[in-house]
Amino acid sequence: MHGEYKVPGGKLVVVDLEERDGKIAEFHLAGDFFLEPDDALLDIDAAVNGMPVTSDVAAIAAAVRGALPEGAQLLGFTPESVGTAVRRALVTAPGWSDFEWEVLHEKAVSPRMNLALDEVLTTRVGDGRRKPTLRIWEWDESAVVIGSFQSYRNEVDPDGAARHGFDVVRRISGGGAMLMAAGSIVTYSLYVPGSLVAGMTFADSYAFLDDWVLQALRSLGIDAVYQPLNDIASAHGKIGGAAQKRLANGGILHHATLSYDMDGQVMTEVLRIGREKLSDKGTTSAAKRVDPLRSQTGLPREQIIERFIETFSTLYGAEPGTISDDEYAEAQALVDAKFSTDAWLHRVP
């Protein structure tokens, strides 16, 4: 059995092993990481050999950590990444290159339609009716997109939203509110089969699925890092955040919103929670712009999106795709039946 795991922001961890009588056998670790002293590699191999094949990531990591000599240095990988690679070998998890990918960047549609498309396209990938896909959002009106489990009345100031022209909608994934002013953010969705992240912890899958965008941001001069659980940041602060929804058919929706240029004052007048966050930080005024992508790159939003598409396509061999008329029609039906209804918007009062 063979397993691989690319540590987000780090190195490739490769394991080969056999299963004998419910135990891991003939285990060997390899990769492009750095490890001192050299013979610590043999200590890691010995620690994993003989473990039950049912061992989870935490148990494998603990065994590896306990076997390391005092002062050992692991650079570009961790004991947890060894555990992840082992689990992926045992479930024969595929990698990015084992799939054919499509990239979608189509016409602007309403925020509700974007949310419905997320559900439709994730379902189709889970059913095997669509290739795994990256979609860049475009929208034709400003909106506040609240998380599936957020309280409408606790998160949003309806008067402030109406005054600034923000519709309020609810998505199917968890996480926090997104303020989607026209031209102010970059949002993308990944629709992937669950097998791509098999063997990973839920937390590890976030960083794994966003590693490509970190590479794209670094190519633009931003020293981007991933901060658990779901934040993309640089030395200048938070750039954006990700959220996931996992469907019963195996489809996974992973989407992220990155700030291009946002009016901080408007944010506090539309989002109630924004006022509390600023208060906690001792900030006396929000009358400023939050513009990590614009200020750190000096590039127009469209050029940043082009680099995202170029990076993803180069890394994973993705080809341009389209959303079919049938998919748009299915999404519109979902807008009418779900995303436009008060029952959905106020499912958490």
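Analyst: Start with strands and helices: both are DSSP runs, with strands (E) of at least two residues and helices (H or I) of at least four, numbered from the N terminus. Two strands pair if DSSP finds at least two bridges between them. The model is predicted, so local features need pLDDT of at least 70 and side-chain atom pairs count only at pLDDT 80 or more, while totals for chains, interfaces and linings use all residues. Residues are numbered from 1 along each chain as its sequence is written, and side-chain values use heavy atoms, leaving out hydrogens and water.

Check its length. The expected span of a helix is 1.5 Å times one less than its number of residues. H7 has 18 residues, so it should span 26 Å; its end C-alpha atoms are 27 Å apart, which agrees.

H7 also has a kink of about 45°, centred on Asp211. The bend at a residue is the angle between axes fitted to the seven residues ending there and the seven starting there.

Now the burial. Buried means under 20% relative accessible area, exposed over 50%, and partly exposed in between, with a 1.4 Å probe and protein chains only. Asp211 is buried. Other buried residues in H7 include Tyr206, Phe208, Leu209, Trp212 and Leu214.

Contact means heavy atoms within 4.5 Å. Leaving aside neighbours within four places in sequence, Phe312 touches Trp212, and its other contacts include Trp96, Trp101 and Leu190.

Just after H7, Gly221 takes a positive phi of about 95°. Then comes strand S12 (residues 225–227), which pairs in the antiparallel sense with S13 (residues 231–234) over three bridges. A hairpin of three residues joins S12 to S13. Gln227 stands opposite Asp231 in S13.

Asp231 leads us onward. Its bridge partner in S14 is Gly241. S14 covers residues 237–246 and pairs with S13 in the antiparallel sense over four bridges. Two residues lie between S13 and S14 in their hairpin.
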